[in-house]
Amino acid sequence: MKKSVLSLFVASFISVAVVALVGQSPSAGQAQPAGQPAAAAPQARNPLYAAPPRLAVREIQDDLFQIAFGLDSTCMYVLVTRDKALVVDTQTMTEFEGKKIIDYVKSITDKPLVVVNTHAHRDHIAGNPQFGEAHLSAPAIEEVTAAAARDKTPITYTMKPLKDGDLIDLGDRKIEVIAIPAHSPGSIALLDHKTGYLFTGDEIDPGQVVGMNPEKIQKHHANMKMLYEKHYGKVSMIVPAHNGAPVTKRYIKYFMDLDAKIIAGTAPEVPIADGPNYDRWNTTMTRYREHFASVVYTKPQSK
Ligand SMILES: [Zn+2]
């Protein structure tokens, strides 16, 4: 821990130093070499500059790829194993720049695909029909079915149920299904027994966990405690569905501890806007943060 803090410090020092070096303009007294055009004036850089997000594929590990539109939107993953590829979630949009979600997956692998949704929120299941079949928990299947009935849209793919403790057999490895419902009643985590990757959907997210309230925080805390007590030793890293790339498994403990403080009424409160782009205008919500964990929470209405 000490070492990583130190290296983080050294790394930030080095990057500050590099920025300082690169950013140096020629000294005022320097003469322009003859016959060369004058250097263009350095372009003012908007501190809030952001390139338009693109649906991009990133190689995270030798066997793990992320497909994400920006980083705070949904991050879906493709785990390429010896025999098959596991697709975890299928994005918010069905296509980007004329390419379907399945085309992005096929640009990574041509192995047979097994699609799993971490939960049924729309930003995780948009591409499902392109794969013909998707595996979800029973509550998530209910949610998709209810939403389709409400919207009067047909479900054009097969939904296969998963339950807590199921093992998805990919050939050279098994993926354990762990029910962790709180943010969504159908949430599951997926633990790759070979590598220790733990896919957590929206239940552990390095930016924030949203949608918490007095009832859900109890569930979230129980889930974090269960992950910590039963699975911590098997996990190598957390693979989250929003706000960036995989992070350390310590986030399980950060959330477990923060949840406990929220329940006890002792959690540190920070402004709602002091976090990823979420409901900045919504003053009815509270943000708690400690260490690297942040929870967006709706307090009970006072009478
Ligand atoms: Zn969600």
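How many bridges join E2 to strand E3, and do they run parallel or antiparallel? In this predicted model, E2 and strand E3 (residues 75–80) run antiparallel and are joined by five bridges.

Strand E2 (residues 64–69) is mostly covered, since five of its six residues are buried. In a regular strand, side chains alternate between the two faces of the sheet.

## The protein as a whole

The protein has six helices and 18 strands. Of its 303 residues, 35% are buried. Among contacts with a separation of 6 or more, 57% are between residues 24 or more positions apart.

The average pLDDT of the protein is 86, and 81% of the residues score at least 70. Residues 1–38 are another matter: pLDDT stays under 50 there. For this stretch the model has two contacts beyond four places in sequence.

## Helix H4

Helix H4 (residues 138–151) has 14 residues. From its first C-alpha to its last it reaches 20 Å, close to the 20 Å expected at 1.5 Å a residue. Just after H4, Lys152 takes a positive phi of about 55 degrees.

Which residues of H4 are buried? They are Ala140, Ile141, Glu143 and Val144. These residues lie on the same side of H4, because they cover an arc of only 160 degrees around the axis. An α-helix has 3.6 residues a turn, so residues three or four places apart point the same way. Strand E8 (133–137) and strand E9 (158–162) are among the elements that cover the buried residues of H4. The face turned away from the buried side carries the exposed residues Ala146, Ala149 and Arg150.

## The five-stranded sheet

Five strands make an open sheet in the order E10-E11-E12-E13-E15, with mixed pairing. Its edge strands are strand E10 (167–169) and strand E15 (237–240), each of which pairs on one side only. On average, neighbouring strands of this sheet are turned by 25 degrees against each other, direction ignored.

At one end of the order, strand E13 (residues 197–201) pairs with E15 in the parallel sense, over four bridges. Within this pairing, Phe199 has Val239 in E15 as its bridge partner.

## Ser187, between E11 and E12

Where is Ser187 found? Ser187 is in the loop between strand E11 (174–179) and strand E12 (188–192). Is Ser187 buried or exposed? The cut-off for a buried residue is 20 or more other C-beta atoms within 10 Å. Ser187 has 26 such atoms within 10 Å, so Ser187 is buried.

Leaving aside neighbours within four places in sequence, the contacts of Ser187 include Thr118, His119, Ile180, Pro181 and Ala182. Gly201, Asp202 and Glu203 are also in contact with Ser187. Ser187 and Gly201 are 14 residues apart in sequence, and their C-alpha atoms are 7.3 Å apart in space.

Another open sheet has four strands, in the order E14-E18-E17-E16, with mixed pairing. Strand E14 (209–212) and strand E16 (269–270) stand at the edges, and each has a single partner strand, so one side of each is left without a neighbour in the sheet. E16 pairs with strand E17 (residues 285–290) in the antiparallel sense, over two bridges. In this pair, Glu269 has Tyr288 in E17 as its bridge partner.

Helix H5 (residues 214–231) packs on the sheet and touches E14 and strand E18 (293–298). The direction of H5 makes about 135 degrees with that of E14. Helix H6 (residues 250–264) lies across E14, E17 and E18, and runs at about 35 degrees to E18.

Note on methods:
Residues numbered from 1 in each chain as written. Predicted model: local features only at pLDDT ≥ 70, side-chain atom pairs only at ≥ 80, totals over all residues. Expected span 1.5 Å × (residues − 1). Buried ≥ 20, exposed ≤ 12 C-beta atoms within 10 Å, placed from the backbone. Arc of directions from axis to C-beta. Contact = placed C-beta atoms within 7 Å. Pairing = 2+ DSSP bridges. Axes fitted to C-alpha atoms, helices over the stretch in contact; angles between N-to-C directions. pLDDT = per-residue confidence, 0-100.
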